[in-house]
Amino acid sequence: MDYKEIEQEMEKTYDGISCKYLKMQKDDWEDKKYVNSFISYLKPNSSILDIGCGTGELLEYFSSLGFKTMGIDISREMVNISKKRVINSRVFKMSLYDVSKIKERFDGVVATFVFVHIPKEKISDVIKSINSKLKKDGIFFTVFTTSLKEGLQEEMLDRNYKYYAVNYSKDEIIGILEKNGMEILDVFSKIEINGVLTDIIISKKL
Ligand SMILES: C[S@@+](CC[C@H](N)C(=O)[O-])C[C@H]1O[C@@H](n2cnc3c(N)ncnc32)[C@H](O)[C@@H]1O
């Protein structure tokens, strides 16, 4: 499958499972302390772009802290949930492969559990375009899976849909970030979130 076919499949999946995805979220989410590390690098009133914002959990949190937020997601249903949930955030249905078309730059960008749907041949381009949307000294926060079963498989929340998974190693992601002029600030390795092993990287645009 090429990246556009994967994207179309994921759009169908997240449109279909959006309500179940929302219900699965806990109030006391496990990655909050890492999100707070990201926030600690930002000034008050900073702007944050959430790529693959899903049901708007992070947008809601950032917004409650006074940050100016924008979210994008390929799934119309996920976008609708986010819009209703975070009324003072801008949320658009948009492909992450079109991030470079966004006109403004942000103090912070987040992409959590999104690299999992990006095939290896596209990850460099995506990170490059994320970098282009950060202001100088802007901060990028990413959480990515490291040990899921890879490829197209049954979606766990609903067997009628498919899930496409790609794992990344922290060294792969660090290498691409550094090649794109990002300084690595923090790395949290082998963090289990909702039963999935992840790595978490916070980096800064130089
Ligand atoms: C596993 S969910 C993560 C949602 C949220 N970031 C979180 O941490 O809960 C992946 C999200 O990425 C979105 N997504 C997948 N492929 C995308 C693409 N090519 N462009 C934009 N969004 C995409 C999905 O619609 C879904 O909302």
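**Fold, core and ligand shell of the predicted chain**

Buried residues account for 39% of the 206 residues in the chain; here a residue is buried when 20 or more other C-beta atoms lie within 10 Å of its own, exposed when there are 12 or fewer, and partly exposed in between, with C-beta atoms placed from the backbone. This is a predicted model, so local features need pLDDT of at least 70 and side-chain atom pairs count only at pLDDT 80 or more, while totals for chains, interfaces and linings use all residues. Numbering starts from 1 along each chain as its sequence is written.

As for the overall build, the chain holds six helices and nine strands, taken as DSSP runs (H or I, at least four residues, for helices; E, at least two, for strands) and numbered from the N terminus. Among contacts with a separation of 6 or more, 65% link residues 24 or more positions apart, a contact being two C-beta atoms, placed from the backbone, within 7 Å.

Now to the inside. The largest nonpolar core has 51 residues, and I51, V109, V110 and I130 have the most contacts inside it. Strand β5 (residues 134–145) gives the most to this core, six residues. Such a core is a set of buried Ala, Val, Leu, Ile, Met, Phe, Trp, Tyr and Cys residues joined through C-beta atoms within 7 Å. Leaving aside residues up to four places away in sequence, I51 touches I72, L96, V99, V109, V110, A111, V114 and I130.

I130 turns up again in helix α5 (residues 120–132), whose buried residues are V126, I127, I130 and N131. These sit on the same side of α5, because they cover an arc of only 135° around the axis, counted from the directions that run from the helix axis to the C-beta atoms. In general, an α-helix has 3.6 residues a turn, so residues three or four places apart point the same way. The buried residues of α5 pack against β1 (47–51), β4 (106–112), β5, α6 (170–179), β8 (182–193) and β9 (196–205).

Over in helix α4 (residues 76–85) is I81, which is buried because 22 other C-beta atoms lie within 10 Å. Beyond residues up to four places away in sequence, I81 touches S18, L22, T55 and G56. I81 and G56 are 25 residues apart along the chain, yet their C-alpha atoms are separated by 7.2 Å.

The ligand has 17 residues around it, with Y14, G52, G54, I74 and L96 coming nearest; a residue counts as near if its C-beta atom, placed from the backbone, lies within 6 Å. Helix α1 (residues 3–24) supplies the largest share of this shell, three residues.

Two residues stand out for their backbone. Most residues other than glycine have a negative phi. D137, in strand β5, has a positive phi of about 70° although it is not a glycine, and K190, in strand β8, has a positive phi near 55°. D137 is exposed, with 12 other C-beta atoms within 10 Å, and K190 also counts as exposed, with 11 C-beta neighbours inside 10 Å.
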